[in-house]
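I opened my notebook to record what I looked up in this structure. The entries follow in the order I made them.

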Amino acid sequence: MEKLIFVYNANSGWHNSVLDSLHKVVSPNTYACSLCDVTYGAFSENEIWKKFRERSTVKMEFLHKDEFVKKYKVPKVNVYDYPVILKSVNGELESFVNASEINDLKKAQDLINVLQAKFLN
C-alpha cells in the first residue's frame with residue numbers, strides 16, 4: 001500500500017468551510033460528512049485524531065470530493081459514495097473504509113480502531 005486517501009463528503013474552499021462549520025454547530029445531526037465530523041470539530045482538528053495521524057507511519061492524503069475528482073480524474077458520476085477512505089496500491093485505488101462504515105463512527109477513536117484493525121488484516 002502506497003498511501004491512504006481520505007475523501008471528505010464536502011467541497012473545498014473558504015466559503016464551503018464556513019458553511020460546514022456553521023452546519024456542524026447549528027444542526028450537527030444533519031451534517032453530511034461523518035469523516036469530517038470525527039476528525040474535525042467545528043473549528044479545528046480533533047486532538048486524538050491529530051496525534052494518531054502525526055504518529056502514523058502510513059502516508060495519508062486528505063481531499064475534499066471536488067479536489068479528489070479533479071486530482072484522480074474520477075468521473076463526476078458517483079463512482080464512490082462519500083465519505084470514503086481509499087488505498088493506493090501500485091497506482092490503483094481500492095476501497096479501504098467505505099461510506100457505510102464511516103457513517104457508523106461516532107468519534108475519532110472509532111476511526112482509529114477501524115484503521116488499526118484493517119492494518120492488521
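**Entry: overall layout.** I took helices (H or I, at least four residues) and strands (E, at least two) as DSSP runs, numbered from the N terminus. Read along the sequence, I get the pattern β-α-α-α-β-α-β-β-α-α. That is six helices and four strands.

**Entry: ground rules.** This is a predicted model, where local features need pLDDT of at least 70, side-chain atom pairs count only at pLDDT 80 or more, and totals for chains, interfaces and linings use all residues. Residues are numbered from 1 along each chain as its sequence is written, and side-chain values use heavy atoms, with hydrogens and water left out.

**Entry: strand pairing.** I counted two strands as paired if DSSP finds at least two bridges between them. Strand S1 (residues 3-8) runs antiparallel to strand S3 (residues 84-89), with five bridges. S3 also runs antiparallel to strand S4 (residues 92-97), again through five bridges.

**Entry: aromatic rings.** Rings of Phe, Tyr and Trp (its six-membered ring) pair if their centres lie within 6.5 Å; planes under 30 degrees apart are stacked, over 60 edge-to-face, and the rest tilted. My search of the whole structure found nine aromatic pairs. Why is the pair of Phe6 and Phe62 stacked? The ring centres are 4.6 Å apart and the planes are at 25°, so the pair counts as stacked. Phe6 lies in strand S1 and Phe62 in strand S2 (residues 60-64), so this pair ties together parts that are 56 residues apart in sequence.

Next I checked burial: buried means under 20% relative accessible area, exposed over 50%, and partly exposed in between (1.4 Å probe, protein chains only). Phe6 is buried, at 0%. Phe62 is partly exposed, at 28%.

Phe68 and Tyr82 have ring centres 6.3 Å apart and planes at 75°, so I noted the pair as edge-to-face. Phe68 sits in helix H4 (residues 65-71) and Tyr82 in the loop between H4 and S3, 14 residues apart. Phe68 is buried at 0%, and Tyr82 is buried at 15%.

I also found one aromatic cluster, formed by Phe6, Tyr8, Trp49, Phe52 and Phe62.

**Entry: whole protein.** How many of the 121 residues count as buried? The share is 36%.
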